[in-house]
Amino acid sequence: MVGYGFMGAAHSHAWRTAHRFFDLPLTPVLHTLAGRTESSLVAAAERYGFAQTTTRWQDLVEDPEVDVIDICTPGDTHFEIAMAALAAGKHVLCEKPLANSVEDSEQMTAAAAAAREKGVRSICGFSYRRTPALAYARRLVAEGFVGELRQVRAQYLQDWLSDADAPMTWRLDREKAGSGALGDIGAHIVDLTQWITGQDIAAVAGTVETVVPTRPAAGTAQGLGGTGDASGERGTVTVDDIALFTARFGGGVLGSFEATRMAQGRKNAMRVELNGESGSIAFDFERMNELEIYDATAPTGRQGFTRVLTTEPEHPYAEAWWPTGHGLGYEHTFTHEIADLVRAIGEGDDPSPSFEEALHVQRVLAAVEVSSADGSAWRDVDPSAASYPTSTTPQSPTSQEST
């Protein structure tokens, strides 16, 4: 595994746990952890359970004992590591976003397709797909519960950047992160809605905006953010704080999307609602073990949203865990992801989301940014045309440039 921060901790837990709860054809061994700072790297390896460490990720690519490379680093490093790993015949799990540009994502996807012909598997880490309630929502849509789909509504609301003096981190640097709320959390709801509905987004019209243009360069980290030194030097934020866009899915369905890290009081409110001719489905990750369903075909006197606790053996992934009613947590989504990946490797199947699916998400994000820079005009999600604007500063309503 490359990287040992937030995602490194979540992935390590999953690699250690998956084979203990799921019947898998192979048993993961935590072989080597790679990172830049040796002292903290060694401590992380001991805490997470890795046998050894290296400060060169290339060592993982060159080691014949390493079968899988798990990329948990900022987006600007994904391309180089994944390309080298695939060329060396290693299976790859790459955290989202796939890369920081459409162009890099296209090359990674082509490399993954070529490697697939040699039995090498690859997957992009959109872990929320493995939430039992959301996997169940997808099943309900496929079974026709909502009937003809009419509208999709998706939000991802966080508040860890609401304080204007929260410190600069790599997530606020476009060179490292690619984009802000749009790519960091908006990517998740793009992937989820496409996966649940079975329809790709075909066109978008959007706006991205940076609310706090500078932040303290120094401070104390806590969680994703922390406390900045308000009296010291400030760095320039080069990503968006808020992203709003409308989307037209390939089947004609209209969707609305909101991604923000400025929503006071919302800690990880990833919300999805689908409305159809015969019913609705609603979900909020802050209540991740619950799904709300509305049956419009029921008699009028019995209509109303029903709360479904998705901890029954009939619900996706739930059978492997605890008795009914004993809920799961955020970390279980990663365990499910690893279980699915290991099973795919062992059985010679292609796991999902593929690099192709992740590439389409990247194209959607790119089209939103192009739309924002062009006065929020509608933009097709066109593989041959969509690309990030050349400007390194997110556009605001008072400083738009045509692209």
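Two strands count as paired if DSSP finds at least two bridges between them. Helices (H or I, at least four residues) and strands (E, at least two) are DSSP runs, numbered from the N terminus.

Colleagues, this is a predicted model, in which local features need pLDDT of at least 70, side-chain atom pairs count only at pLDDT 80 or more, and totals for chains, interfaces and linings use all residues. Residues are numbered from 1 along each chain as its sequence is written, and side-chain values use heavy atoms, with hydrogens and water left out.

I begin with an open sheet of three strands, ordered β3-β4-β5 and paired in parallel. At its edges are β3 (68–71) and β5 (122–125), each pairing on one side only. Ignoring direction, neighbouring strands of this sheet are turned by 10 degrees against each other on average; here axes are lines fitted to C-alpha atoms, for helices over the stretch in contact, and angles run from 0 to 180 degrees between N-to-C directions. Four bridges link β3 to β4 (residues 91–95) in the parallel sense, and Val68 has His91 of β4 as its bridge partner.

Helix α1 (residues 6–21) lies across β3 and β4, at about 140 degrees to β4.

Next, a helix pair. α6 (residues 132–142) and α8 (residues 181–197) pack at about 40 degrees, their axes 8 Å apart. From α6 come Leu134, Ala135, Ala137, Arg138 and Val141, and from α8 Leu192, Trp195, Ile196 and Thr197. By class, this contact has seven nonpolar, one polar and one charged residues; Ala, Val, Leu, Ile, Met, Phe, Trp, Tyr, Cys and Pro count as nonpolar, Asp, Glu, Lys and Arg as charged, and the others, Gly among them, as polar.

Finally, a hairpin. Strands β9 (residues 219–222) and β10 (residues 225–228) run antiparallel and are joined by four bridges, with Ala221 opposite Gly226. Two residues lie between the strands, and Gly223 takes a positive phi near 65 degrees.

Definitions and conventions
Contact = heavy atoms within 4.5 Å.
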